[in-house]
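Good morning, and thank you for the time at this meeting.

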Amino acid sequence: MSLASIELRDLKLQTQIGTYGPGAIIPEQHLLDLTLWIDAKLVLISKDMMQNVFDYGPLIIEINRLAEDCHYETQERLMTRITEACAKYSEIKAMDIGLRKLPVYAGSGSLGVRLSVDSLTLNNLRSSSPSE
């Protein structure tokens, strides 16, 4: 199977992550990068119709909902929830996700976590999720 990717970069999430004491540098932004690997037949299309491609719109809405859903202690928990949301789409064969916060120190730098998820891991998430 040939694969294609959908790439989302620098999506600014409205979220609260972490607990910060007095004098701590509180991040101003949390940015999401997401690469979704899908079957190339969803990109190499003969007719210009939405039904022939992967509709990522609902997934982006869900990602934003998850980001705003609650206060997160860690970036990793939000990333896990986003990965679980992606697993609900059988069209997604693998994915790379990165979440970073900025600034980190003295008004500069970013710090993030990146995760690559293969098809086996996505299928395990699919089989462990309750059916809707």
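Please keep in mind that the model is a predicted one. How many salt bridges does it contain? The count is seven, and I shall discuss some of them in turn.

Let us start with Arg9 and Glu7. Their side chains form a salt bridge, with 3.8 Å from N to O. The pair is counted because the cut-off for a salt bridge is 4 Å.

The next pair lies within a helix. Glu62 and Arg65 form a salt bridge in which the closest N and O atoms are 2.9 Å apart. Why can these two be described as about one helical turn apart? Both belong to helix α1, which covers residues 57-69, and they are three residues apart in it, so about one turn separates them. Glu62 is partly exposed, with a relative accessible area of 22%, and Arg65 is also partly exposed, with a value of 41%.

Arg81 and Asp69 meet through their side chains in a salt bridge of 2.9 Å, N to O. This pair links distant parts of the chain: Asp69 belongs to helix α1 and Arg81 to helix α2, residues 75-87, and the two are 12 residues apart. Is Arg81 buried or exposed? Arg81 is buried, with a relative accessible area of 18%, because the limit for buried is under 20%.

Elsewhere, salt bridges with shared partners join four residues into one network: Asp10, Asp33, Arg100 and Arg114.

I now come to the helices themselves. Two packed helices are described by the angle between their axes and by the distance between those axes. For α1 and α2, the axes come within 10 Å and cross at roughly 150°. An angle over 145 degrees counts as roughly antiparallel, and therefore α1 and α2 are roughly antiparallel to each other. Their crossing is right-handed.

Which residues meet at this contact? From α1 they include Leu59, Ile63 and Leu66, and from α2 they include Leu78, Ile82 and Ala85. Glu62, Arg65 and Asp69 of α1 also take part, as does Arg81 of α2. Altogether, the contact has eight nonpolar residues, four charged ones and no polar ones.

Note on methods: Residues numbered from 1 in each chain as written. Predicted model: local features only at pLDDT ≥ 70, side-chain atom pairs only at ≥ 80, totals over all residues. Heavy atoms only, no water. Helix = DSSP H or I, 4+ residues; strand = E, 2+ residues; numbered from the N terminus. Buried < 20%, exposed > 50% of the residue type's maximum accessible area, 1.4 Å probe, protein only. Axes fitted to C-alpha atoms, helices over the stretch in contact; angles between N-to-C directions. Parallel < 35°, antiparallel > 145°, perpendicular 65-115°, else oblique. Left-handed = near helix turned anticlockwise from the far one by under 90°. Contact = heavy atoms within 4.5 Å. Nonpolar A, V, L, I, M, F, W, Y, C, P; charged D, E, K, R; others polar.
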